[in-house]
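I opened this model to look at its sheet, its core and its charged pairs. My notes are below the structure.

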Amino acid sequence: MRMTFERMADRRPVETLVERDDGVVFAMRGAGGGAGLPHDLVHAVVETALPLRDGVWGCVADGVVWGSMRHVSGRRPPHAAERYDRLKRERAEAVQRAEAVADVVHRLAQGEEVLPAQVAAAGVPRERVGVAVEAVREATRRWAALPVGERWVVEWPAGPRRPGTGGRRR
């Protein structure tokens, strides 16, 4: 899967182009813009660095369509809505954990105070949190240096499909 993030001049909502491996393309609207790292890009960096395959982007790669996503092109697989509704339910806890982990890592990367209990609650070994923090710091520097209107393409690591996710990888 490929995600294309465009650097905006201000804090307008960021629209990310999401090209799934099954050929379906979506535009995903998210928070961020300007020099600040967009929320969805924070997730991509953290979920890749750790790795968290059942987080926000792993779910999208496996066919989940969030409410912030708009279909752009490509033929959706038969019964896609039923499948992604099932996946959302099955992975709700993992996605909530990914949200919490991304929040903790992003706050640490920005030098904000994070309680040791919050880091422990993330359920990620401390050394892995450190790796993700450095990845977010580097991404923040890279994003801030990206000229307005330029794009940053992130490739989601392809891997074997999870049982019951349907579809196939190219």
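These entries go from the ground rules to the sheet, the core and the salt bridges.

**Ground rules.** I am working with a predicted model, where local features need pLDDT of at least 70, side-chain atom pairs count only at pLDDT 80 or more, and totals for chains, interfaces and linings use all residues. Residues are numbered from 1 along each chain as its sequence is written, and side-chain values use heavy atoms, with hydrogens and water left out.

I looked up the strand order first. Five strands form an open sheet in the order 4-3-2-1-5, with antiparallel pairing. Strands here are DSSP runs of E of at least two residues, helices are runs of H or I of at least four, and both are numbered from the N terminus. Two strands pair if DSSP finds at least two bridges between them. Strand 4 (69-73) and strand 5 are the edges; each has a single partner strand, so one side of each lacks a neighbour in the sheet. I then checked strand 2 (residues 14-19), which pairs with strand 3 over six bridges in the antiparallel sense. Thr-16 sits opposite Met-28 of strand 3.

**Core.** Which residues have the most contacts inside the largest nonpolar core? They are Leu-41, Trp-57 and Trp-66, in a core of 48 residues. Such a core is a set of buried Ala, Val, Leu, Ile, Met, Phe, Trp, Tyr and Cys residues joined through side-chain atoms within 4.5 Å. Helix 3 gives the largest share, nine residues. Beyond its neighbours within four places in sequence, Trp-66 is in contact (heavy atoms within 4.5 Å) with residues including Met-28, Val-56 and Val-95.

**Val-154.** I found this residue in strand 5. Is Val-154 buried or exposed? Val-154 is buried, at 13% relative accessible area. Buried means under 20%, exposed over 50%, and partly exposed in between, with a 1.4 Å probe and protein chains only. Leaving out residues up to four places away in sequence, Val-154 touches Leu-41 and Ala-44, among others.

**Salt bridges.** I counted 11. The criterion is a side-chain nitrogen of Lys or Arg within 4 Å of a carboxyl oxygen of Asp or Glu. Arg-107 meets Asp-103 at 3.1 Å, N to O, and Glu-112 at 3.8 Å, N to O. Asp-103 and Arg-107 are four residues apart in helix 3, so about one helical turn separates them. Arg-107 is buried at 17%, while Asp-103 is partly exposed at 37%. In helix 5, Glu-138 and Arg-141 are three residues apart and meet at 3.1 Å, N to O. Asp-54, Asp-62 and Arg-91 form a salt-bridge network.
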